[in-house]
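Work each one on the structure before reading its solution.

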Amino acid sequence: QVQLEESGGGLVQAGGSLRLSCAASGTHISINTMAWYRQAPGKQRELVASMTRGSSTNYADSVKGRFTISRDNAKNTVYLQMNSLKPEDTAVYYCKVQGKYYSDIGYEDYWGQGTQVTVSS
């Protein structure tokens, strides 16, 4: 089993910055792709950014140039640095990781509990 603990959400003014963290823990686990999603009220959950274990990244067009995803493989932790925040970035942000027990064959998706990000205008 993989447990996820998110932190770093909050209230910020437009143009400000926040940094989200998500730490994966468990005994003898292996983590593959780590990602951040968000869900605004009345909208579907959407991918914000993802990073493979080999550090390949993918970003939603709406956050390119403003958000940066990074990870520390030794700590099984993924970060999302969010700069130049806009009111439309307001949402609950969830981390998702592909994880498994080291001897298992396939990865499973694990979701964090979500952290609220509110950007005021």
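Two strands pair if DSSP finds at least two bridges between them. Strands (E, at least two residues) are DSSP runs, numbered from the N terminus. The model is predicted, so local features need pLDDT of at least 70 and side-chain atom pairs count only at pLDDT 80 or more, while totals for chains, interfaces and linings use all residues. Residues are numbered from 1 along each chain as its sequence is written, and side-chain values use heavy atoms, with hydrogens and water left out.

**Exercise 1. Pairing of β4**

Task: Which residue in β5 stands opposite A35, and how many bridges join β4 to β9?

Solution. 
1. β4 and β5 are antiparallel and share 5 bridges. In this pairing, A35 faces S50 of β5.
2. The hairpin of β4 and β5 has 6 residues between the strands, and G42 takes a positive phi near 80 degrees there.
3. β4 is also antiparallel to β9, through 9 bridges. Y37 stands opposite Y94 in β9.
4. Of the 11 residues of β4, 8 are buried; buried means under 20% relative accessible area, exposed over 50%, and partly exposed in between, with a 1.4 Å probe and protein chains only.

**Exercise 2. The open sheet**

Task: What is the strand order in the open sheet of 4 strands, and which strands stand at the edges?

Solution. 
1. The order is β1-β3-β8-β7, with antiparallel pairing.
2. β1 (3-7) and β7 each have a single partner strand and stand at the edges, so one side of each has no neighbour in the sheet.
3. From one strand to the next, the twist averages 15 degrees, with axes taken as lines fitted to C-alpha atoms and angles running from 0 to 180 degrees between N-to-C directions.
4. β1 and β3 run antiparallel and are joined by 5 bridges; E5 is opposite A23 of β3.

**Exercise 3. The largest nonpolar core**

Task: Which residues touch the most other members of the largest nonpolar core?

Solution. 
1. A nonpolar core is a set of buried Ala, Val, Leu, Ile, Met, Phe, Trp, Tyr and Cys residues joined through side-chain atoms within 4.5 Å.
2. The largest one has 30 residues, and W36, L80, M82 and Y93 touch the most other members.
3. Two or more core residues come from each of β3 (18-25), β4 (29-39), β5, β7 (67-72), β8 (77-82), β9 (91-101) and β11 (115-120).

**Exercise 4. Aromatic pairs**

Task: Why is the pair of Y94 and W111 edge-to-face?

Solution. 
1. Rings of Phe, Tyr and Trp (its six-membered ring) pair if their centres lie within 6.5 Å; planes under 30 degrees apart count as stacked, over 60 as edge-to-face and the rest as tilted. The count is 3 aromatic pairs.
2. For Y94 and W111 the centres are 6.5 Å apart and the planes are at 80 degrees, so the pair is edge-to-face.
3. Y94 belongs to β9 and W111 to β10 (residues 108-111), so this pair ties together parts 17 residues apart in sequence.
4. Y94 is buried at 15% relative accessibility, whereas W111 is partly exposed at 37%.
5. Y101 and Y102 have ring centres 5.0 Å apart and planes at 55 degrees, so they form a tilted pair.
6. Ring pairs link Y37, Y94 and W111 into a cluster.

**Exercise 5. A charge over a ring**

Task: Which ring does the charged end of R45 sit over?

Solution. 
1. The criterion is NZ of Lys or CZ of Arg within 6 Å of the ring centre and within 35 degrees of the ring normal.
2. The charged end of R45 sits over the ring of Y94, 3.7 Å from its centre.
3. K100 lies over the face of Y107, 5.4 Å from the ring centre.
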